[in-house]
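Student: Could you take me through this protein by question and answer? Please keep it brisk.

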Amino acid sequence: MAVSAASILKRLLHPKNLEPQNQLHSFKSVTQSILNHLKSGRLEQAVSILFASPEPVTYSLYARLFSLCSAKKAIVEARKVESHLVTFSPLPPVFLLNRAIEAYGTCGCLDDARELFDEMPERNGGSWNAMITAYARNGFQEKALCLFLEMNREGIVPNEISFASVLGSCGVVLELDLSRQVHAMVVKYGYCKNVILGSSLVDVYGKCGVISDARLMFDEIENPTDVSWNVIVRRYLEIGDGKEAVSMFFKMFREDIRPLNFTFSNALAACSCVSALKEGMQIHGVVAKINFEKDKVVSSTLIDMYVKCRRLESARMIFDQLGSKDLISWTAIMSGYAMSGRSREARELFNMMPERNIISWNSMLAGYTRFLQWEDALEFIFHMRRMTKDIDHVTLVLILNVCAGLSDLEMGKQIHAFIYRHAFFSNIFVGNALLDMYGKCGALNSARVWFYEMSHGRDAVSWNALLTSYAQHQRSEQAMTFFSEMQWESRPSKFTLGTILAACGNISALNLGKQIHGFMVRNGYELNMVIRGALVGMYCKCRYISYALTIFKEADSRDVVLWNIMIFGFCHNGRGRELLELIVLMEKEGLQPDHVTFHGILLACISEHETELGKEYFNSMSNDYSIIPRMEHYECMIELYTRCGCIEELEKFIMSMPFQPNVAMLTRVFNACKKYGAVRFGEWVAEQHNQLNPSTPLRFELNEGGKIGR
């Protein structure tokens, strides 16, 4: 008869002539020695004594050892304890094997856990729970769910531990249907009042995007805990409903529940999303009252909230008051300065940072790129490459943006090669940034080739980047061709439709523009401000001003950009008188015009020869709206005066300008002086012109007829 290895080992270790009294003494001695080592925190020595012992110890001591192995993630010791247990207890109790599975799971040794689970001669619900939990905690959610389904097929009734583990796994893999089935089982087995399971259901429904079900589940919890409240606040934040997240946070206070530090952080992040400065300051007051300001999670989110609500000085005050500043708080305040355009102060903070990570480097670089400081950004990139080898997809996207901003195609190609060498080419963000770089650098063939190489990983952003590149380089017909191809692969986004409508306007493709308009209506696209502006612009460029005006008037609200598009549409179609009437309506709506609006108004005054009205609007820019006139406004006024023959007004205007008129302005004024015989002023203008442009001088000459010549 075959003899097992375990029995051989047992016979070798177990002395045959040991008397019962000596056995008892040995047992007590070994147990006491193990307990003494455990009391002193020496787990390794305790397990070594156990492993050398030829006799089993009490089950309670085995259980304690497994628990300590779990707590310290001591995998070697856990294996020794299990080996000793099965060697000297051929049929160990199930609960001890369950503890062993738990220890293996905590140590991340799932193969050991599953092998033990499969070899167990008898399993109970705790065995299944231990194995399911081990899979769930180690990121193997699919295996946890499969084991849960197998458990049900075996007829094992799950308990709250099973449900908690499987709901957590459902949340990770966004398994909504199974979550609903588990919810039904929770109700069926009478756990519906369990607050932990209720919170888990709120969590999984929120993660799966059905926030209405999450809220219903939350409202059914009789006494939600601080964890329950944290979950619902977090899930509202994650779906972008910052307003409701803040509302739930304050409701939590009315229920007299003290928030966790993460709940404060989530609520402050929600305030950042919706620019709720008042509510953020109220939360800050509570944070100070309960002495949470020193909490690193809360303080970093407070800094971020003030930064995003444009209260940078308040953010800096919190930062300066921190006794211990960690990497997160340093990065938060530095990023705040960088993204607010205060690059010099941001760089000073960056240089002072005691440590940096890739997020810190990216934040500083993002500040430069956001405000188009391309030269500074390029210098920083070189500095970054000298100081660190860290680089991720965000860094590459920012570097490609710099290449596009500088129109540095050669550097862009070098980055493309780096992307291939380091296997970043499959990242959709990097791919789209590369496509955008080629387009902005005018390398449309390279853009098109790269776009087709992205065939297995491109999205609507990729299509939009390609269409925009062609449209912006006056290749609108090819952009239209790509748009037709796009509809076979991807649903056009609103940004794509806006781009293609602009292309239709550029080539006066009215019929195609109408088809796209109809496509949006049929497919339920929301006509937001951007799309409405694109439609108005397209119809204006196609000289279908009545359609443009109809779409403009149908808007529930109109911002200054939409008004400007309509204003320039009237200018483009020579309808200056109607434009001036439209301005009266804009003023009645109480909308503040900007420099673009006034440019359109002055163009209308030129077309309608409204000198006094033009002068009135020009003066109102600085007097009434605190807008400093730009070059184009001065050019419009010069054109208005010259076209209407108001030479005296023109001379006063030129003399009052805060800068020296350029060559183009002086040439236009000189021509007006010739036309209307303004010799003295004309000679002065010619003198000024000749100083700026001596290669093509201007001069007055009287011919035989007494007329002025050049």
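Tutor: We begin with a pair of helices: the crossing of helix 14 and helix 16 is left-handed. Left-handed means that the near helix is turned anticlockwise from the far one by less than a right angle; clockwise would be right-handed. Helices (H or I, at least four residues) and strands (E, at least two) are DSSP runs, numbered from the N terminus. The model is predicted, so local features need pLDDT of at least 70 and side-chain atom pairs pLDDT 80 or more, while totals for chains, interfaces and linings use all residues. Residues are numbered from 1 along each chain as its sequence is written, and side-chain values use heavy atoms, without hydrogens and water.

Student: Which residues of helix 16 make the contact with helix 14?
Tutor: Contact means heavy atoms within 4.5 Å. Helix 14 brings D226, N230, V233, R234 and L237. Their partners in helix 16 are F262, T263, N266, A267, A269, A270 and C273.

Student: Are helix 14 and helix 16 roughly parallel or roughly perpendicular?
Tutor: Axes are lines fitted to C-alpha atoms, for helices over the stretch in contact, and angles run from 0 to 180 degrees between N-to-C directions. Under 35 degrees counts as roughly parallel, over 145 as roughly antiparallel, 65 to 115 as roughly perpendicular and the rest as oblique. The axes of helix 14 (residues 226-238) and helix 16 (residues 261-273) come within 9 Å and cross at roughly 25 degrees. Helix 14 and helix 16 are therefore roughly parallel.

Student: How is helix 9 placed relative to helix 10?
Tutor: The axes of helix 9 (residues 141-153) and helix 10 (residues 160-173) cross at roughly 135 degrees and come within 9 Å. That angle makes helix 9 oblique to helix 10.

Student: What is the handedness of the crossing of helix 9 and helix 10?
Tutor: Residues of helix 9, including F148 and M151, meet residues of helix 10, including F163 and V166. The crossing of these two helices is left-handed.

Student: At what angle do helix 36 and helix 38 pack?
Tutor: Helix 36 (residues 595-607) and helix 38 (residues 631-644) have axes 9 Å apart. They are roughly parallel, therefore the angle falls in that class. The value is about 10 degrees.

Student: How does Y420 count by its relative accessibility?
Tutor: Y420 lies in helix 25 (residues 409-421). Leaving aside neighbours within four places in sequence, Y420 is in contact with F425, W450 and E453. At 41% relative accessibility, Y420 counts as partly exposed.

Student: Where does pLDDT stay under 50, with 12 contacts beyond four places in sequence?
Tutor: pLDDT is the predictor's confidence in each residue, from 0 to 100. The protein averages 87, and 95% of the residues score at least 70. Where pLDDT is low, the predicted coordinates should not be read in detail. The stretch you ask about is residues 1-18.

Conventions:
Buried means under 20% relative accessible area, exposed over 50%, partly exposed in between (1.4 Å probe, protein chains only).
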